[in-house]
Amino acid sequence: MKLTNDRPCSDPEAAARKLIELAKSIDAVQDGRIHIEKINAPFLYTLKGGSTEFGAGIRCAVEKGWLELHESGTYVRLLAPGQDLLALR
């Protein structure tokens with residue numbers, strides 16, 4: 001008997017891909033910046049991801065070179081714009 005349902009963002013790489021997907025859908029402001037709350041809110045409330053999944057996804061995306069997280073944590077930048085990262089599944 002299974003008492004819990006699978007969480008789609010429980011894997012850090014899956015969460016990172018969802019975050020990249022969200023970031024691509026948002027218009028960047030000055031110098032390619034995407035405010036963290038613009039991807040945080042949809043991840044938490046629309047995709048029903050958890051805060052630990054969000055953190056793990058951000059860390060994974062930074063480690064893989066997909067996102068650049070500012071040291072203040074207030075914004076991210078998409079990296080490698082010529083590469084389709086979502087197609088690498």
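Author: Buried means under 20% relative accessible area, exposed means over 50%, and partly exposed lies in between. The model discussed here is predicted.

Reader: Is arginine 77 buried or exposed?

Author: Arginine 77 has a relative accessible area of 17%. The cut-off for buried is under 20%. Because 17% falls under that limit, arginine 77 is buried.

Reader: How far apart are the closest N and O atoms of glutamate 68 and arginine 77?

Author: Glutamate 68 is partly exposed, at 34% relative accessible area. A salt bridge needs a side-chain nitrogen of Lys or Arg within 4 Å of a carboxyl oxygen of Asp or Glu. Glutamate 68 and arginine 77 form such a bridge, and the separation of their closest N and O atoms is 3.5 Å.

Reader: How many salt bridges does a search of the whole structure find?

Author: Side chains of opposite charge can pair when their charged atoms come close. For the whole structure, the number of salt bridges found is four.

Reader: Which residues are linked with Arg17 in a network of salt bridges?

Author: Lysine 64 is partly exposed at 41% relative accessibility, and glutamate 13 is partly exposed at 28%. The residues linked with Arg17 in the network are Glu13 and Lys64.

Reader: Which residue in β3 is the bridge partner of leucine 67?

Author: β2 and β3 pair in the antiparallel sense over three bridges. In the hairpin of these strands, five residues lie between them, and glycine 73 takes a positive phi near 80°. The partner of leucine 67 in β3 is leucine 78.

Reader: Which residue in β3 is the bridge partner of isoleucine 34?

Author: β1 and β3 run antiparallel and are joined by two bridges. In β3, the partner of isoleucine 34 is valine 76.

Reader: Which element gives the most residues to the largest nonpolar core?

Author: The largest nonpolar core has 18 residues, and Ile58 and Val76 are among those with the most contacts inside it. Isoleucine 58 is in contact with Val76, and also with residues including Leu19, Ile39 and Leu67. Two or more residues of the core come from each of α1, α2 and α3. With six residues, the element that gives the most is α1.

Reader: Is glutamate 53 buried or exposed?

Author: Glutamate 53 is found in helix α3, residues 51–63. Beyond its neighbours within four places in sequence, glutamate 53 is in contact with Arg7, Cys9, Ser10, Ala15 and Phe43. Because its relative accessible area is 10%, and the limit is under 20%, glutamate 53 is buried.

How values were computed
Residues numbered from 1 in each chain as written. Predicted model: local features only at pLDDT ≥ 70, side-chain atom pairs only at ≥ 80, totals over all residues. Heavy atoms only, no water. Helix = DSSP H or I, 4+ residues; strand = E, 2+ residues; numbered from the N terminus. Buried < 20%, exposed > 50% of the residue type's maximum accessible area, 1.4 Å probe, protein only. Contact = heavy atoms within 4.5 Å. Pairing = 2+ DSSP bridges. Core = buried A, V, L, I, M, F, W, Y, C linked by side-chain atoms within 4.5 Å.
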